[in-house]
Every structure is written in C-alpha cells, then in structure tokens.
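Subject: Handing over the structure, with notes

Dear colleague,

I am passing this structure on to you, and I would be grateful if you read the notes below with the model open beside them.

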Amino acid sequence: MIVVAGEALIDLVPRGPGALADLKPAPGGGPYNTAVALGRLGSPTAFCSRTSEDAFGEALLDGLRRAGVEVSDVQRGPEPTTLAVATLDAGGSAAYSFYVEGTADRLFTVPASLPAGTRAVSFGTCSLVLEPGASAYEKLMREAAAQGLFTALDPNIRTGLIPDADAYRRRFRDWLPSVTLLKLSEEDAEWLGGTPQEWLAAGPSAVVVTRGGEGLTVHTREGAECSVPGEKVEVVDTIGAGDTVNAALLHGLAAQDALSPGGLAALGPDGWRRLLRFAARAAAITCSRAGAEPPFAAELGEP
C-alpha cells in the first residue's frame, strides 16, 4: 500500500490561454493527482486527507474511488472545498491563484494509524504550507520515517501561498532527514536554493529533478547522476505532469521492490534510467490532455 497524504481541491481549469478564458471545474491538488495516477497505474493506494462534505468534496472522493484508491480513512468536515484557479500561458504552462481561507483540507489532523500494509507515504504541495494542517502533515511525515517507512516529498512550490519564504526554506531543510526520495522541479530547486548534493547530505537517498520537456535527472547518495530526455508530445497543458511523475516513480519502485533506501541504492544507473524513462512517458501523456488526466497502466506498459 502506498499512502498519499495531502490536499484535495477543485482546479478551475481554463479552456484556453489568458486570464478571462472559460473555466471548467476539475478535481485537483498535487497529492490528489498523485493518488489518482497511482490508482490508474494499478498500485494499491490510499488517500490520507480531509475533504469537505459539500458537492465538490463528494466529487473528489468519487474520482478517487473510480481510480481504485482507498478513501475509507479520509476525514470529512462541513467547511468548503479549496479552489485553485489556473491561468495558462501560450505554451500551456499554468499559474495558480488559491482560495483557501476556512476550507476543509487545512484542518487535517494526524490519524491514529496508517492503513495496514503501508510501505510508503507521499507528501507535498499546499498541505505542507497551510496551517494548522501543515504541522499535522509534518508530524505524520516524521512518524512515518521513524517507523522505517519510505517517504517521498514533492514540495511543488506555490509562492502565492507562502507568506515567509525564508521560514519555508528553513522548514524544508528540517524535513529532509525524514525524506527518502525528494522530487522537485528545476523551478522549485532554484526557488529553494541549495543543490542536490546538499539535500542528499541532509537525509534523502535520491533526488529527482524534473526539467519540463527536457527530461529528468536523478542524483543518488552513492554519487550517481543519471538523466533521460523528455518524451516529445504536443502539449495541451502541463497541469498534473509533476504529480504524474511522482506516481510513476513510486509505482515503478514498488514494482521493483525498491521502496527502501537499500532498494534505491540497488537500482544502479540502468535501473534509474529505465524508471526515469517510464516517468517521462507518463508525464508526456498527461501533458497531451487537458487538465490533470494521468495515464492508465495499459497506456504505458511495465516500468
């Protein structure tokens, strides 16, 4: 079982570029998209979050169920669902505005236990910024690491939600001893500061950096560095591409019984290149479709 911990929200997805494009509501949130992508790939997955009892909250849970994701432990509340309004530029890249005050997901509390059979827990995005839920997710991350579980982190920076950049950067560095796999974009890496080598020294066994259409690079604690190019595709938009990479990496590692620091070390350069190519193919399919629509296993083959 892979548990994905974090927010579920509604993306208001534009039907074209520009601030005044027509908007279509769609399920979203980095962790939510990651969970759906894992479910579509066939990995046993559970979602750990708090969602609204409103119609949007029900739609979010329905989307998880359709993907085969376990939702029995999702917390519920009467508060409204968080909204994220996306704006696309001419190249399909998305920028976001968020409506988060008094919403259900930020009131998440630490569960008494994780689902039976949990091997890995994935964290990231808004859930690690918005209090009081952020502190609860942080505590869950530290508890999971202390139990010897594989932990994955994608900070997926949303600068508009971060009131104190320096405080967030310090907090990010404090998370690293509890992280097994750190995945982040080039843009996130530049904003956070530091280098993969510095982050590896603080705790993670591997750091994967995504470079958009240029591909992916992994840096490992053993000193290896492996890169693969991106898959060429006609981009509709990039919504959910990074979340699909998260899911593909976790799914591929689970398929190779590598959800552990030792398992990562045993992959070697060839194993990492195969895994990164799988993730690049998955992300390319997501980019070829409007909104966060990750691929199914039948579209990708084996990792």
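This is a predicted model: local features need pLDDT of at least 70, side-chain atom pairs count only at pLDDT 80 or more; totals for chains, interfaces and linings use all residues.

Helices (H or I, at least four residues) and strands (E, at least two) are taken here as DSSP runs and are numbered from the N terminus. In those terms, Asp164 sits in the loop between strand S10 (150–154) and helix H4 (165–175).

Residues are numbered from 1 along each chain as its sequence is written, and side-chain values use heavy atoms, with hydrogens and water left out.

The chain as a whole

The secondary structure of the chain amounts to nine helices and 14 strands. Its C-alpha atoms fill a box of roughly 45 × 45 × 40 Å along the principal axes. The radius of gyration, taken over C-alpha atoms, is compared with a globule rule of 2.2 Å times the number of residues to the power 0.38; for 303 residues a compact globule would come near 19 Å, and the chain, at 18 Å, agrees with that.

Of the 303 residues, 57% are buried, where buried means under 20% relative accessible area, exposed means over 50%, and partly exposed lies in between (1.4 Å probe, protein chains only). The accessible surface comes to about 12,300 Å², with 52% of it belonging to carbon and sulfur atoms; such areas come from the Shrake-Rupley method with a 1.4 Å probe, and for residues only the protein chains shown count as cover.

A contact means heavy atoms within 4.5 Å. Among contacts between residues at least 6 apart in sequence, 69% join residues at least 24 apart.

Between the C-alpha atoms of Asp164 and Gly262, which are 98 residues apart along the chain, the separation is 36 Å.

Asp154 belongs to strand S10 and is buried, because its relative accessible area is 3%. Its side chain reaches the backbone nitrogen of Asn156 at 3.2 Å, and a further polar contact, at 3.1 Å, joins the side chains of Asp154 and Lys183. If residues up to four places away in sequence are set aside, Asp154 touches several others, including Phe123, Thr125, Asp188 and Asn246.

Backbone geometry

Most residues other than glycine have a negative phi, and most peptide bonds are trans. Against that background, Thr125, in the loop between S9 and H3, has a positive phi near 65 degrees, and Thr125 is buried, with a relative accessible area of 5%. Asp257 also has a positive phi, of about 55 degrees, although it is not a glycine; Asp257 is in the loop between helix H7 (241–255) and helix H8 (261–287) and is exposed, at 57% relative accessible area. The peptide bond from Glu131 to Pro132 is cis, with omega near 5 degrees, and Pro132 lies in the loop between strand S9 (120–124) and helix H3 (133–146).

Gln75 is part of strand S6 (residues 75–77) and counts as buried, because its relative accessibility is 18%. The Gln75 side chain reaches the backbone oxygen of Thr109 at 2.7 Å, and, leaving out residues up to four places away in sequence, Gln75 touches Ser49, Arg50, Thr51, Leu107, Phe108 and Thr109.

Thr118 is placed in the loop between strand S8 (94–99) and S9, where it counts as buried at 13% relative accessibility. The side chain of Thr118 reaches the backbone oxygen of Pro115 at 2.6 Å, and, apart from neighbours within four places in sequence, Thr118 is in contact with Met1, Val3 and Leu149.

Technical notes:
A polar contact is a pair of N or O atoms within 3.5 Å; within protein, one must be able to donate a hydrogen and the other to accept it, and residues adjacent in sequence count only if both atoms are side-chain atoms.
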